[in-house]
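Please look over the sequence and the model before reading on.

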Amino acid sequence: SVKGVATDCFSLLHRGCTDIICCIFFIVAIVGYVAVGILAWTHGDPRKVIYPTDSLGQYCGQGKLEKKPLLFYFNMMKCASPMVLLEFQCPTPQVCVEKCPDRTLTLVTAIAKPEDWKYYKSYCREDPGNKPMTEILQKKLCPAYLISSKPFLQRCFPSLGKKGEVITVGDQDKFNDGEKIRDAKDLVAGMKNATVVMEGRQVAMKIFEDYTKSWYWILICLLIAVVLSLIFIVLLRYLAGIMVWVMILMVIAVVACGIAYSSIKYVNLKDTAGSNITLQQLGFQPDFSVYLHIRQTWLAFIIILAILEVIIIIILIFLRNRIRIAVELMKEASRAVGYVMSSLFYPIFTFFLLTIVIAYWGITAVFLSTSSEPVYKVFNETDCPHGRQTCEPENFTISAMKTDCPRSECLFAFYGGETPYHKYLIFFQFYNVFLFFWCANFVTALGQMTLAGAFASYYWAPNKPNDMPAYPLCASLGRSLRYHTGSLAFGSLILAIVQIIRVLLEYIDHKLKGAENKFAKFLLCCLKCCFWCLEKFIKFINRNAYIMVAIYGKNFCRSARDAFFLLMRNVIRVVVLDKVTDFILFLGKLLIVGLVGIFAFFFFSGQTDAFKDAAPSLHYYWVPILTVLVGSYLIAHGFFSVYAMCVDTLFLCFCEDLERNDGSAARPYHMTTELRYILMKDADSGKMILRIT
């Protein structure tokens, strides 16, 4: 019977577990992933990248040093050594202190005054007691001098100033380092090297601070994106034809507004001093707002937006007839979504699972990268045969190294290790990245198969919606997990392998940036291009394979083969109809991102009087704007992906329906009359195109 043919696709009696071997392999890999996480959490310590470390490897502001959050360098002059940039460590003792020194003193002058000496001892490595000054300096128990300093990135740096063109420290252009009188400008090189190794951290801390100030408004902007997406989806359900054309016209209008605004800014900056400097002359600036005062920036915006506008208009002109047919297909998809309304909220479940995967990967990566042990090395001011060799601080004073080099010090250098765990650390990092790709692809695949099963149940139901399952989305999710976990794991594994190869190619490309071998660069560029194309192709095959698995319950390879050849037999419809629908949905995403992005720009940049008082004060206002843009796109993509999956599923079911049935009483079509009219009309016009060409 007709109903029997329809229910055959979803009958649990005809289904069995597919790709069992891959399912077992996936479960074992997940267990291994958990084991790697436990190992990382056992050995790792994120404090290593958050807090500064003294010469003994202790964290300032933590544990017994909780009241000493700042790091003080005994001799900032030693930081001027080029080795600082190689080993990221100044060859001078460092101690954690409660506050930075606010006066300039030498050891000689401090010992003479009890009050100064009591203050001075708070910057010593240990209490010198009644030891003579020569012994204190020889054992480096205390610094030879103190300089008035200020905290910066949890470290004490000399308070340098200027009197005219002369650099000063503590209002003086000279200071006593305990040995001789030096110019204050001599400190600049040391401060520069000590700061270079922390510039990235400084920017990261400012970005983090911006997030703490703006997270509330970022969430509001993302909530606006959710509301806009829901409004568009609901309107598509009832006014699909009108909404598609409204979306297209609004995208054109938004891009045109961007061109007009950029043109106004470009003209207004004409007589502004310094606005005619080129972007190449300006170079990279972490504060992106600097670029907005350059005319060339707005000229670039005008050119980019104008090109985008022209491309969109040309595509619309050539595809206007196809868009009319695609609109009808969107109406049919809207009817299917209307019967499975819960599908609109399924992307939230997918997003929740992806958040767990990303969080687990990120936390594990941080703990793995901080699971090394402190390594100490010999630092000496003069030539020493043991220089830069590994040492043990506990017994260094009685070691042969100290005997051979009396003025040497055993200082903390970096984090490393020689244990079996540390030897396999790079393997654990690789495994963490690979399982991240695999799990993320699995979650995405689960969403695709679940939605495909729900919408396919709508298509194959003879009497819609009476013959559909009571809860089609839940039923489809249950089938996917119960019977097809192996197929999901198989498809996502293939994609993960290609993605990890792409990551390795990017890493190799980064390492060969300075290479002069043109052939190697050309070969690497070709490989990157090929694997990018391969990834796109596999995603296309996987998506349609999951639809076939959801319909017939066959294994992944057979479903992928059937889907591929079915699409090839209907390649005209795939190119001229299915992809036109994808383009329309992309314009919808672009519209939502554009509307929310414009609001975020005027709000966070403070360029509108209405938002000046409400907008938070930020270091880089592009941080929340970029976050809102990316977040809005992901939100819009999540909601519109439901429609995209519905269109792809209906399209594949239609092609299968045409080959299985002939429209007779014995084998009637399962497609609706409207869908048959749309796609048959498109097939006739497609054949006409082929005859003309």
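Predicted model: local features only at pLDDT ≥ 70, side-chain atom pairs only at ≥ 80, totals over all residues.

Residues are numbered from 1 along each chain as its sequence is written, and side-chain values use heavy atoms, with hydrogens and water left out.

**A helix pair**

Helices (DSSP runs of H or I, at least four residues) are numbered from the N terminus. Helix H2 (residues 20-43) and helix H13 (residues 346-369) have axes that come within 8 Å and cross at roughly 45°; axes are lines fitted to C-alpha atoms over the stretch in contact, with angles from 0 to 180 degrees between N-to-C directions. H2 and H13 are therefore oblique to each other, a class left after angles under 35 degrees (roughly parallel), over 145 (roughly antiparallel) and 65 to 115 (roughly perpendicular) are set aside. Residues of H2 in contact (heavy atoms within 4.5 Å) with H13 include Tyr33, Val34 and Trp41, and the H13 residues they meet are among Tyr360, Trp361, Ile363, Thr364, Phe367 and Leu368.

**Nonpolar cores**

A nonpolar core is a set of buried Ala, Val, Leu, Ile, Met, Phe, Trp, Tyr and Cys residues joined through side-chain atoms within 4.5 Å. The largest such core has 123 residues, and Phe455 is one of those with the most contacts inside it. Helix H16 (residues 425-459) gives the most to this core, with 22 residues. Beyond its neighbours within four places in sequence, Phe455 is in contact with residues including Ala336, Val340, Met645 and Leu650. A second, separate core of 19 residues includes Phe72, Ala110, Cys142 and Leu146.

**Single residues**

Buried means under 20% relative accessible area, exposed over 50%, and partly exposed in between (1.4 Å probe, protein chains only).

| Residue | Relative accessible area | Class |
|---|---|---|
| Thr450 | 0% | buried |
| Asp19 | 18% | buried |
| Arg482 | 58% | exposed |

Thr450 is placed in helix H16. Leaving aside neighbours within four places in sequence, Thr450 is in contact with Tyr346, Leu473, Ser476, Leu477 and Ser480. Asp19 lies in the loop between helix H1 (2-8) and H2, and has a positive phi of about 50° although it is not a glycine. Arg482 belongs to helix H17 (residues 472-483). The C-alpha atoms of Arg482 and Gly16 are separated by 9.0 Å, with the two residues 466 residues apart along the chain.

Note on methods:
Helix = DSSP H or I, 4+ residues; strand = E, 2+ residues; numbered from the N terminus.
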